Amino acid sequence: MAQDRRQFLARLAAYCAAAGLPGYAHADDDDRPRTRPGSTTPTLPATGLSGRVVVVGGGMAGAAAAKFLRLWGGAGVQVTLVERESAYTSNILSNLVLTGTVQMASLAFGHARLASAYGVTLVRGEALAADPVSRRLTVATASGPRVLDYDRLVLAPGIAFAWPDGLQDPAARSLFPHAWQAGPQTTQLRDQIRAMPAGGTFVMTVPPAPYRCPPGPYERACVVADWLKRNRPGSKVIVLDANPAITAERESFTRAFEVTHAGVIEYIPDAPVTFVDTASRTVHTPLGAFRGDVVNVIPVNVGPVLLADLGVANAARGFAGVDVLDYESTAVAGIHVIGDAAATTQPKAGHIGNQEGKVCADAILRLLGGGAPDPAPVTNSSCYSPITTSTASFLTAVFAYDPASRTMKAVPGASGEALAPSKDHYEDMFVWFRTLMSDTFA
Ligand SMILES: Cc1cc2nc3c(=O)[nH]c(=O)nc-3n(C[C@H](O)[C@H](O)[C@H](O)COP(=O)(O)OP(=O)(O)OC[C@H]3O[C@@H](n4cnc5c(N)ncnc54)[C@H](O)[C@@H]3O)c2cc1C
């Protein structure tokens, strides 16, 4: 117990130092982090823990896991982050790029600070395969394959997509950006919207749950409708939802569709995509065919192929089943899966990815120390949704571990949505975003 407490104090002090918070002083905390003279970089404490952890994917979940493994684990825990891109592009706020409110460049987050401030080793490359017996991961890098030894492997590769008929061919779909992975597709879709004529039609689809960012498609419908009202009068937004009803913030979005954007947004539930006719820009559903000047199909979200290749894709649609006490795969020992790639009862969201990264990091450190994961983890999530150019609503939830079902359950009374969209919520959205991204990448 005494050792646990000292480790906890060391971790807390390290966090305070890194976050620029007032230091936490205690007579016992000899191994608290110190700052080198003239430097703001914390010297990580020796916590007595040691081990090698490899994290795949430097997005919301993976970057958080890598950072907090080092911050809480200290100097003896070697952490390697494998990421195929040179920087991470935030999906959060990317719907505002479509309307020109936010610039793409402001959504780029590098990993350099994870290396300089916390000593995470960065490897630029694509994780391809792992041998779970010898615990070795193979990564394709620009200079050839590399093999990384690990005691624990954390996978945070996000999502992949299952294409509907008509968009199977990469050439066909290159003209129909989903923009559900922020990047070049986001600006491509923005340019298509800008090129729409007055009185035009924007047809978009909502994939069947579970998908990344439950309120995201409805938020997109709102901000596009708001932009079209002001810039392309007489235009319409048709939302074809594969689900039987709005899947998140139902009251807020129903009001937004029926009142705020009445006459502009037409919402059609129970309308899964059966075929996309790219030549005529028409989306076919069991409820009819819908032609658009711009067609934005958000495809069915599935687990990345890496999960299947590593033998952990044992949940529906190729996502990974995990034990939410430590996010270890229920199929392969020593491999943990966090973020959108994991099948849990929590939403596939960036804020939750950050939380899962921390719970997983804490559990791995406890395991490396010969202990057991925290038996009662709690996570929380917030999500702001712009409704117009100056107002936003929000959704918040707290999840606690339920030993009976061995799942994370929403805590009654601790979850809810905004009473009404407001300017204050819109401004809070940017504060929340900066705080979350700083907690994850800085
Ligand atoms: C339009 C939109 C708006 C959103 N708004 C919100 C919001 O307001 N709030 C919120 O909480 N969430 C929001 N989200 C959801 C959020 O972005 C995701 O849930 C979150 O990014 C998931 O984090 P992740 O780490 O699991 O995956 P990602 O963030 O996608 O990161 C995965 C990383 O893994 C890397 N990678 C993948 N495979 C490999 C490999 N084999 N080798 C090496 N690297 C690999 C990728 O390059 C990527 O950097 C939104 C999503 C969208 C699309």
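Visitor: What pLDDT does the chain average, and what share of the residues score at least 70?

Guide: Welcome! pLDDT is the predictor's confidence in each residue, on a scale from 0 to 100. In this predicted model the chain averages 91, and 90% of the residues score at least 70. Local features need pLDDT of at least 70 and side-chain atom pairs count only at pLDDT 80 or more, while totals for chains, interfaces and linings use all residues. Residues are numbered from 1 along each chain as its sequence is written, and side-chain values use heavy atoms, with hydrogens and water left out.

Visitor: Where does pLDDT stay under 50?

Guide: Where pLDDT is low, the predicted coordinates should not be read in detail. Here that concerns residues 1–40, where pLDDT stays under 50. The model has 49 contacts for them beyond four places in sequence, a contact being heavy atoms within 4.5 Å.

Visitor: Which domains does the assignment give?

Guide: Domain bounds come from an automatic or database domain assignment. For this chain, domain 1 covers 46–159 + 303–375 and domain 2 covers 162–300. Their centres, taken over C-alpha atoms, are 31 Å apart.

Visitor: How many residues of each domain are in contact, and what area is buried between them?

Guide: Buried area is the accessible area (1.4 Å probe) that two parts lose on being put together, summed over both. Between domain 1 and domain 2 about 1700 Å² is buried, with carbon and sulfur atoms giving 59% of it. Asn95, Leu98 and Arg317 supply 38% of the area that domain 1 buries against domain 2, more than any other three residues. As for contacts, 17 residues of domain 1 meet 24 residues of domain 2.

Visitor: How many salt bridges are there between the two domains?

Guide: A salt bridge is a side-chain nitrogen of Lys or Arg within 4 Å of a carboxyl oxygen of Asp or Glu. Between domain 1 and domain 2 the count is 1. Arginine 212 also forms a salt bridge with aspartate 340, with the closest N and O atoms 2.6 Å apart. The total by this rule is 14 salt bridges. Another pair is glutamate 126 with arginine 84, at 3.1 Å between the closest N and O atoms. Glutamate 126 lies in strand β8 and arginine 84 in the loop between β4 (77–83) and β5 (88–89), so the pair ties together parts that are 42 residues apart in sequence.

Visitor: Which residues does a cis peptide bond join?

Guide: Alanine 209 and proline 210, with omega about 0°. To place such a residue, look at helices (H or I, at least four residues) and strands (E, at least two), which are DSSP runs numbered from the N terminus. Proline 210 sits in the loop between β13 (201–206) and α6 (216–231).
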